[in-house]
Amino acid sequence: MEANVKAILERAKATAAAAAEKAGKMADAATKKAGDMATMTKLNLQIFDMNTEIDAVYKEIGKISYLTYVGDCGYEAELADKYAQISERLAKIAEIRETIANTKTSLDCPGCGKECSKEDAFCSKCGHKLS
Ligand SMILES: [Zn+2]
């Protein structure tokens with residue numbers, strides 16, 4: 001009888017420990033996910049800013065183009081500089097996009113589109129091989 005009670009208590013203790021461990025792991029994952037999201041927001045904001053700057057340069061190029069059309073000349077150097085500014089920013093955007101892809105802890109299953117962990121070997125929904 002006493003051995004029985006002891007066994008039940010042992011089992012309850014083990015279950016509680018397992019639940020606590022699971023909760024801890026989930027909290028860790030949530031913290032990591034929140035960190036990722038903050039980073040992701042920052043990176044997406046950088047892309048947004050870069051695109052805003054590119055739009056402004058495009059506008060300046062348009063103005064120069066018009067001035068050249070109406071006979072004002074001597075803007076070649078300025079124009080080349082503006083083109084370079086755009087190329088520079090487009091390269092930066094590509095760089096940020098790559099960082100975003102590398103920062104993401106999840107990836108979309110190519111089979112069904114389910115968001116899977118990068119550490120998963122197979123999709124938990126459709127079984128498609130991942131990476
Ligand atoms: Zn899938």
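**Entry 1**

How far does H2 reach from its first C-alpha to its last? I found 41 Å for its 28 residues, close to the 40 Å expected at 1.5 Å a residue. The expected span of a helix is 1.5 Å times one less than its number of residues. Helices (H or I, at least four residues) and strands (E, at least two) are DSSP runs, numbered from the N terminus.

**Entry 2: ground rules**

I noted that this is a predicted model, where local features need pLDDT of at least 70 and side-chain atom pairs count only at pLDDT 80 or more, while totals for chains, interfaces and linings use all residues. Residues are numbered from 1 along each chain as its sequence is written, and side-chain values use heavy atoms, with hydrogens and water left out.

**Entry 3: confidence**

I checked pLDDT, the predictor's confidence in each residue, from 0 to 100. The chain averages 89, and 99% of the residues score at least 70. Helix H2 (residues 76–103) has the highest confidence, with a mean of 93. The lowest belongs to strand E1 (residues 106–108), at a mean of 85. A reminder to myself: where pLDDT is low, the predicted coordinates should not be read in detail.

**Entry 4: the whole chain**

I counted two helices and two strands. Along the sequence they follow the pattern α-α-β-β. The radius of gyration is 28 Å, well over the 14 Å that the globule rule gives for 131 residues, so the chain is more spread out than a compact globule. That radius is taken over C-alpha atoms, and the globule rule is 2.2 Å times the number of residues to the power 0.38. Taken along the principal axes, the C-alpha atoms fill a box of roughly 105 × 30 × 15 Å.

Next I looked at burial: buried means under 20% relative accessible area, exposed over 50%, and partly exposed in between (1.4 Å probe, protein chains only). Buried residues make up 17% of the 131 in the chain. I also looked at contacts, meaning heavy atoms within 4.5 Å. Among contacts between residues at least 6 apart in sequence, 38% join residues at least 24 apart.

**Entry 5: the first helix**

Glycine 71 follows H1 and has a positive phi, near 105°.

**Entry 6: how the helices meet**

Which residues of H2 are buried? I listed Leu79, Lys82, Ile86, Arg89, Ile93, Ile96 and Ile100. They pack against helix H1 (2–69). In H1, the buried residues include Met40, Leu43, Ile47, Met50 and Ile54, and what covers the buried residues of H1 includes H2. A handy rule for reading such lists: an α-helix has 3.6 residues a turn, so residues three or four places apart point the same way.

- Lysine 82 is buried, with a relative accessible area of 11%. Not counting residues up to four places away in sequence, lysine 82 touches Val57, Glu60, Ile61 and Ile64.
- Arginine 89 counts as buried at 19% relative accessibility. Leaving aside neighbours within four places in sequence, arginine 89 is in contact with Met50, Glu53 and Ile54.

I then picked threonine 99, also found in helix H2. At 36% relative accessibility, threonine 99 counts as partly exposed. Threonine 99 and methionine 40 are 59 residues apart in sequence and 9.2 Å apart in space, C-alpha to C-alpha.

**Entry 7: the zinc ion**

Which residues are the protein donors of the zinc ion? They are Cys109, Cys112, Cys123 and Cys126, each through SG, lying 2.3 Å from the ion. Donors are N, O and S atoms within 2.8 Å of the metal (3.2 Å for Na, K and Ca); water is not among the atoms, so sites may look incomplete. In sequence the donor residues are spaced C-x2-C-x10-C-x2-C.

Why is the arrangement called tetrahedral? The four donor atoms subtend angles of 104 to 115° around the zinc ion, which makes the arrangement tetrahedral. Four donors count as tetrahedral if all angles lie between 85 and 135 degrees.

Technical notes. Four donors count as tetrahedral if all angles lie between 85 and 135 degrees; four count as square planar and six as octahedral if opposite donors are over 155 degrees apart and all others between 65 and 115; anything else is irregular.
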